[in-house]
Amino acid sequence: MNVLDTIKNLRDELNQHNYNYYVLDNPTISDFEFDQKLKQLQDLELQHPEFFDENSPTQRVGGTIIKNFETVQHEFRMYSLDNSYSIEDLQDWETRIQKVLGDVPLEYTCELKYDGASISISYEKGRLVRAVTRGDGFQGDDVTNNIKTIKAVPIHLKGDFPEKFDIRGEIILPFAGFEKMNQELIEIGETPYSNPRNTASGSLKLQDSTEVAKRPLDCLLYGLVGNDLGLSSQYEGLKKAAEWGFKVPKQSKCVNSIEQVFEFIEYWGTHRHSLPYETDGVVVKINNLHYQDELGYTAKSPRWAIAYKFKAEQVSTVLNSISYQVGRTGAITPVANLEPVQLAGTIVKRASLHNADLYRDWET
């Protein structure tokens, strides 16, 4: 076997192991074995720069520094969603749809609404070519190098995929990774991050992709857009995307009545705390893509989709003490040490405080 074939085989093998670990959550080799194979590939690529590939698994560790992110026009606009907060809102939405479509049987896809940073990733001939933030919906920032460091995002696709398409999703930071990052910051006297969503969003705009690679970011995909994709429904698109190698949450469901939508919402309103990441609602979509085209869009949102928002959670606990963390720049941040309490699926023990005068008397 020649060197190029060896390099290609190693790339294919490592891509498959990344997929097994980060998408299927079913690793088939140890971390040590993976690192050994990655080191072998790195050495071969260093010895043979003529075989460089920007989409090689070795490029996921980052290394590119971007001073200014290029602004890129979305080929397909990224719309926002109308929000609903009650069953009555959803019933009114269904009534509006039936006025347009008439008395036709409807299917709905129910998907959890992931609390992260929206992203649009473009693929051509099965290769990742660009990743762009939502921005204002018409244009966003090119963060391709940072997105490539996220192991759940496939660099190469598998199976029978379209020639060209975009896929939309959310970049998230799971609870475990967020808590680990904050604990490390507290231990060195730095201010902890406020919440997983803002931390995930801020990570995409870091100038050094090596720093992005250190963060335990994940990517959950939920929608395909493009021309002539050969799909007839939203749910079919989700299943196809999973076959091509994307991480598509298994909680999504196709139902055939608004009553089943309500059941889905009720179930996940309680069980969402068992998930390893934040969710703040359920997105309901008309499943049939032909009906979606017929319903169209308002100036801001698709008429064929709506987001049901869960109510924000509040809990009470005891403030045990306040400690002061001194950062490397000399900034002092008060930190509340709390009686541990469960909130939104995680145990909260500390909270950073930004108005020290309000809490000074509590210590006496």
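In which sense, left-handed or right-handed, does α1 pass α2? The crossing is left-handed; by this convention the near helix is turned anticlockwise from the far one by less than a right angle, whereas clockwise would be right-handed. The model is a predicted one, in which local features need pLDDT of at least 70, side-chain atom pairs count only at pLDDT 80 or more, and totals for chains, interfaces and linings use all residues. Residues are numbered from 1 along each chain as its sequence is written, and side-chain values use heavy atoms, with hydrogens and water left out.

Two packed helices are described by the angle between their axes and the distance between the axes. Here the axes of α1 and helix α2 (residues 31-47) come within 10 Å and cross at roughly 145°. Axes are lines fitted to C-alpha atoms, for helices over the stretch in contact, and angles run from 0 to 180 degrees between N-to-C directions. Helices (H or I, at least four residues) and strands (E, at least two) are DSSP runs, numbered from the N terminus. From α1, the contact (heavy atoms within 4.5 Å) uses Thr6, Ile7, Leu10, Arg11, Glu13, Leu14, His17, Asn18 and Tyr21. From α2 come Asp31, Phe34, Lys37, Leu38, Gln40, Leu41, Leu44 and Glu45. By class, eight of the contact residues are nonpolar, four polar and five charged. Ala, Val, Leu, Ile, Met, Phe, Trp, Tyr, Cys and Pro count as nonpolar, Asp, Glu, Lys and Arg as charged, and the others, Gly among them, as polar.

Asn15 also belongs to helix α1 (residues 3-22). Its relative accessible area is 17%, so Asn15 is buried (under 20%; exposed is over 50%, partly exposed in between; 1.4 Å probe, protein chains only). Beyond its neighbours within four places in sequence, Asn15 is in contact with Pro57 and His156. Ile155 is 140 residues from Asn15 in sequence, yet their C-alpha atoms are 8.0 Å apart.

In soluble globular proteins, nonpolar side chains tend to be buried together. A nonpolar core is a set of buried Ala, Val, Leu, Ile, Met, Phe, Trp, Tyr and Cys residues joined through side-chain atoms within 4.5 Å. The largest such core has 33 residues, and Ile121, Ile147 and Phe246 touch the most other members. At least two residues each come from β4 (117-124), β5 (127-133), β7 (164-172), α5 (175-187), β8 (218-225) and α8 (234-244). β4 gives the largest share, four residues. Apart from residues up to four places away in sequence, Phe246 touches Val23, Tyr123, Pro154, Leu157, Phe165, Ile167, Leu221 and Ala241. A second, separate core holds 30 residues, including Leu90, Trp93, Leu112 and Val284.

The structure contains 13 salt bridges (a side-chain nitrogen of Lys or Arg within 4 Å of a carboxyl oxygen of Asp or Glu). One of them joins Lys39 and Asp43 at 2.9 Å, N to O. Both residues lie in helix α2, four residues apart, about one turn of the helix. Lys39 is partly exposed at 43% relative accessible area, and Asp43 is partly exposed at 30%. Asp280 and Lys113 meet in another salt bridge (3.6 Å, N to O). Asp280 is in strand β10 (residues 279-286) and Lys113 in strand β3 (residues 108-114), so this pair ties together parts 167 residues apart in sequence. Asp280 is buried, at 17% relative accessibility. Glu211 pairs with Lys214, their closest N and O atoms being 3.0 Å apart. Glu211 is partly exposed at 35%, while Lys214 is exposed at 58%.
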